[in-house]
Amino acid sequence: MRIGAIATAIVIGAGLLVAGSPAASAAARTPSAAVVVARAAAASCSTGKYQKQVEGYLRQLGYGKLSVDGRQSSSDCAAIKKFQSRYGIKPVSGLAGPTTHGVAKRLAGTKVSSCKASRSKVTVCVDLTHQTVFVLKKGGGYLLKPTVTRTGMKRYATPKGTYRIGQRANPEYSEKYKVNMYNWQRFNGGIGLHRTTTYLHDSWRGSHGCVNLLKSDAVFLYGKLKKGTTVKVYGRRPGT
């Protein structure tokens, strides 16, 4: 047989079929084992380094009755993907990696009592230690459950204290940093809540004092809060 006439081979399981043969023609009409395996792999998730820890945190956070056993399952995969999608973690792969683990740990560790909010008014709570934000309703309960944030980096640490929302704009343009700040809600001088334009989970980043939010959270809060709403900032961001 001439080299140029050698047919393309199709791998099925451990066998090798030559295109053009009766067996190969039959195989072309049915899904190969390799295709079946590939499809199964695409529909599942790999087991991550922090599988068991993430299962525990997600169970605590209400993402279903996960079995905290360190073994990936279809329900674990779905829960982790849902969590990653909600908190802007990329890629949404279902893998329990360091970012997913870190975010889940921070959210699970955030305590309402640490804010010491008054039940007589709506309060935005900014937990610098856990890098989370949540909003408590007047009388109790959440307006927004704990979500992720990014606050001031070293030398620009977001100051602790109790403040009130003043100016609101969408967007507000920062002359100092030459950037639009969408869903802007100022609460302390030039510091405010606003949507981030960069990947929130880059650990080396920090703001210049503002409370950076995911787009979905920034939009939601812009529609719910108003001038005069109390903002409490407490704790300390690691490394500042």
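**Notebook: loops, helices and a sheet**

I began with Arg 155, which is exposed, at a relative accessible area of 74% (exposed means over 50%, buried under 20%, and partly exposed in between, with a 1.4 Å probe and protein chains only). I noted for myself that this is a predicted model, in which local features need pLDDT of at least 70 and side-chain atom pairs count only at pLDDT 80 or more, while totals for chains, interfaces and linings use all residues. I also noted that residues are numbered from 1 along each chain as its sequence is written, and that side-chain values use heavy atoms, with hydrogens and water left out.

Arg 155 sits in the loop between strand 5 and strand 6 (strands are DSSP runs of E with at least two residues, helices are runs of H or I with at least four, and both are numbered from the N terminus). The phi of Arg 155 is near 75 degrees, which is positive although the residue is not a glycine. I then looked up Asn 183, another non-glycine residue with a positive phi, here about 55 degrees. Asn 183 is buried, with a relative accessible area of 4%, and lies in the loop between strand 9 (179–181) and strand 10.

Next I checked the cis peptide bonds. One runs from Lys 90 to Pro 91, with omega near -5 degrees, and Pro 91 belongs to the loop between helix 4 and helix 5. Another joins Asn 170 and Pro 171, with omega about 0 degrees.

I turned to the helices. Helix 4 (residues 74–86) packs with helix 5 at an angle of about 80 degrees, and their axes are 11 Å apart (axes are lines fitted to C-alpha atoms, for helices over the stretch in contact, and angles run from 0 to 180 degrees between N-to-C directions). That makes helix 4 roughly perpendicular to helix 5, a term for angles of 65 to 115 degrees. In this contact (heavy atoms within 4.5 Å), Ile 80, Phe 83 and Gln 84 of helix 4 meet Thr 100, Val 103, Ala 104 and Leu 107 of helix 5.

Helix 3 (residues 51–60) packs with helix 5 at about 35 degrees, with the axes 9 Å apart.

Last, I traced an open sheet of nine strands, ordered 6-13-3-4-5-12-11-10-7, with mixed pairing (two strands pair if DSSP finds at least two bridges between them). Strand 6 (161–164) and strand 7 (168–169) are at the edges with a single partner strand each, so one side of each has no neighbour in the sheet. Strand 7 runs antiparallel to strand 10 (residues 184–188), and two bridges join them.

Terms used
Angles under 35 degrees count as roughly parallel, over 145 as roughly antiparallel, 65 to 115 as roughly perpendicular and the rest as oblique.
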